[in-house]
Amino acid sequence: MAKRTFSSFEIFLIFLLVITTGITVALLSLLFITSGTIENHTGFPSTQGPPATQSPPATQGSAAPQNSTPSRGPTTTQASPTPSTPEPTLFQNFSGYHIGVGRADCTGQVSDINLMGYAKTGQYARGILTRLYSRAFIMAEPDGSNRIVFVSIDIGMVSQRLRLEVLSRLQNKYGSLYRRDNVILSGTHTHSGPAGYFQYTTFVIASEGFSNRTFEYMVTGIVESVEIAHKNMKPGKIFINKGTVDGAQINRSPTSYLWNPQSERARYSSNTDKEMVLLKMVDLNGEELGLISWFAIHPVSMKNTNHLVNSDNVGYASYLFEQEKNKGYLPGEGPYVAAFASSNLGDVSPNVLGPQCTNTGESCDNANSSCPIGGPSMCVAMGPGQDMFESTQIIGRIIYDKAKELYESASQEVTGPLASAHQWVNMTDVTVWLNSTHTVKTCKPALGYSFAAGTIDGFGTVSFTQGMTEGDSFWDTLRDQVLGKPSEEIKECHKPKPVLLQTGELLNPHPWHPDIVDVQIVTLGFLAITAIPGEFTTMSGRRLRQAVREEFEAYGMLNMTVVISGLCNVYTHYITTYEEYQDTVANLSSGPKPPFFEELMSPLIPNIVDRAPEGTTFGDVLLPANTIYRVGEVVEVTFVGANPKNSAENRTHQTFLTVEKYEATSATWQIMHNDASWETRFYWHKGSLGLSNATIQWHIPDTAQPGTYRIKYFGHSRKQDLLKPAVLLSFESTPSVFEVTTTW
């Protein structure tokens with residue numbers, strides 16, 4: 001066998017990996033400290049029950065097990081709702097549902113934190129394009145006895161720690177009204193939101209620590225959105241519609257999809273799910289309240305070169321719909337709420353021009369997503385726009401246009417009782433019956449070599465390619481020396497995937513991956529929402545929907561519409577079909593409760609005091625705007641800045657910027673845009689020793705009216721005197737005034 005050689009770049013990476021691993025191990029041993037504000041709540045103890053086992057299938061003609069019988073009635077085993085806060089007055093004599101909608105900011109930290117999704121080292125937040133929101137929808141039967149809560153959140157995915165804390169706070173406020181069985185938390189899966197809100201070590205390392213600042217901001221926003229929806233509940237009706245979305249997606253793993261049986265593939269016209277399912281909500285007077293849409297697409301129009309926090313393409317669709325319905329309100333404000341939720345998006349990309357070699361321009365749509373020159377790192381999928389900003393808008397508008405069409409024509413009313421079911425399952429030890437005589441068993445989690453390769457939407461580590469079914473002796477040896485050898489059991493169980501990291505067997509300082517997973521389903525009349533803790537591929541999603549539909553049919557519940565809601569409750573990576581991998585509920589037990597770790601590693605980037613250059617103060621204008629602009633041009637102003645993450649601790653200001661127009665008739669400045677507006681961008685430039693600048697851009701839209709404008713900057717600076725605790729001081733900018741005209 002020829003001796004293996006490495007390029008100087010690979011030698012550098014190996015050296016860097018060894019050093020990083022050593023530092024990480026030291027930090028994991030020394031820097032795991034109490035987060036300060038999070039406690040181990042008694043409602044969620046870190047104890048585990050016996051492993052869950054699926055019962056063998058009933059033979060033909062025999063009765064189904066009693067504890068698996070679905071029911072149209074209430075399905076929770078918990079006590080009747082006993083809210084600790086006053087319940088809104090509910091009318092009972094009407095046909096429909098009580099409906100409440102709410103939206104709250106959950107942006108969190110927009111600097112000095114990794115963006116969650118691509119797992120790319122150095123992709124830190126450095127400003128904001130749009131704010132992130134939690135959108136909550138509460139639906140209750142007329143007498144208020146049964147209700148469900150669906151929350152769509154502009155984050156990468158819901159972490160188990162996030163869900164446990166949200167449930168705890170809802171329980172403290174509302175008693176047993178909102179519970180683990182009737183509350184679904186779903187991430188939109190934007191890859192441009194902050195990380196740092198996880199408790200399992202794999203994600204803590206990827207996030208470079210646990211950020212209690214961001215975690216608290218997210219939890220508070222989610223809970224607040226539910227509170228708003230709870231207060232706004234009113235009698236109303238829900239209508240459902242479905243339609244096909246064209247031109248917004250491609251399958252980014254077409255070779256794997258082709259491994260599915262041809263007879264199964266022949267039942268579908270596309271290798272992606274193009275169907276959008278939409279719920280339209282109105283009150284009894286016809287006043288529009290909101291919508292929920294489910295559609296399979298990855299929010300990765302914004303690339304891994306992006307450093308601005310934003311909600312990507314599905315967030316842009318929400319932005320367009322809410323701006324249309326909330327006329328006269330700034331973005332993020334107004335009563336109407338539109339959520340574009342995730343579905344089975346695992347192998348679905350919005351970069352519709354497909355993978356191309358960035359150095360040659362040729363296609364790299366092959367099994368390994370690799371280029372002849374440069375390998376996988378050169379193979380990148382391209383969006384339809386000239387840049388990622390335009391691509392995000394194009395894909396978002398396609399989604400918005402179809403949703404608007406379905407919304408306006410929705411006429412089928414959703415009717416019937418509400419029901420919900422939830423179980424925690426220890427997924428490391430579940431026995432599944434394939435037939436009446438044969439079983440298979442799940443095993444502990446592990447990450448394979450292909451995981452490190454990334455995807456065509458964002459490549460991973462050098463020397464790894466997609467579709468790897470063989471390990472590498474060099475990386476195996478390095479892993480064995482640093483982390484220990486994976487057991488034969490886990491290697492055998494994960495075949496044909498070669499194990500790169502045996503995360504399910506790594507337990508220090510906390511488990512590296514969740515063992516206990518949420519399994520949840522709610523029904524709204526003839527609509528069933530399955531809450532999925534990960535990313536289902538197209539075909540695995542189709543199979544799940546079919547299986548759920550057949551289970552309902554077995555008990556006389558015909559014509560059920562089943563939707564998949566992705567990235568819910570806890571994250572377990574991708575779920576594929578077996579072929580793709582080769583390349584009564586009323587008596588349902590709760591299952592083993594997941595742990596809530598009290599001590600987590602603090603962020604690696606320290607908090608330091610902010611400093612302004614000599615002779616200046618925070619907010620001073622360094623580079624003013626020009627005196628006059630025309631619509632379509634870009635206004636840019638640079639200020640003496642302070643670290644934006646301070647504003648996630650002190651919420652004196654609800655925005656980093658405003659664009660204001662002077663109204664001569666009233667002699668007042670009217671806010672036209674804020675940092676939730678797509679037309680604005682806020683960039684933070686980090687210097688040394690606490691120095692920084694902030695640059696604000698306003699891309700003047702064609703709809704802008706001529707007149708006098710100014711841009712204001714809002715922030716918080718960190719100050720700390722000797723032997724005294726740090727304090728955060730709010731400041732506002734000195735306005736930079738300019739004129740906007742439609743002609744020269």
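1. D387 caps the N-terminal end of helix 8, with a side-chain oxygen 3.1 Å from the backbone nitrogen of F389. Helices are DSSP runs of H or I with at least four residues, strands are E runs of at least two, and both are numbered from the N terminus. The model is predicted, so that local features need pLDDT of at least 70 and side-chain atom pairs count only at pLDDT 80 or more, while totals for chains, interfaces and linings use all residues. Residues are numbered from 1 along each chain as its sequence is written, and side-chain values use heavy atoms, with hydrogens and water left out.

2. Helix 8 spans residues 388-409 and has 22 residues. From its first C-alpha to its last it reaches 32 Å, close to the 32 Å expected at 1.5 Å a residue; the expected span is 1.5 Å times one less than the number of residues.

3. Among the buried residues of helix 8 are F389, T392, I395, G396, I399, A403 and L406. Buried means under 20% relative accessible area, exposed over 50%, and partly exposed in between (1.4 Å probe, protein chains only). An α-helix has 3.6 residues a turn, so residues three or four places apart point the same way. The cover over the buried residues of helix 8 includes helix 7 (312-325), strand 9 (234-244) and strand 36 (680-686).

4. Strand 36 pairs with strand 37 (residues 692-699) in the antiparallel sense over 7 bridges; strands pair if DSSP finds at least two bridges between them. Y683 stands opposite T695 in strand 37.

5. The unreviewed UniProt entry annotates H189, H298, E535 and Y574 as "binding site". These residues are spread over 386 residues of sequence, yet they cluster in space, with a largest C-alpha distance of 12.7 Å. UniProt positions are given in the numbering used here, feature names are shortened, and annotations may be inferred rather than shown by experiment.

6. E535, in strand 27 (residues 535-536), is buried at a relative accessible area of 1%. Beyond four places in sequence, its contacts (heavy atoms within 4.5 Å) include H189, H298, Y571 and Y574. The side chains of E535 and Y571 are joined by a polar contact of 2.4 Å. A polar contact is a pair of N or O atoms within 3.5 Å; within protein, one must be able to donate a hydrogen and the other to accept it, and residues adjacent in sequence count only if both atoms are side-chain atoms.

7. Y574, in strand 29 (residues 574-575), is partly exposed at 39% relative accessibility. A polar contact of 2.8 Å joins the side chains of Y574 and R252.
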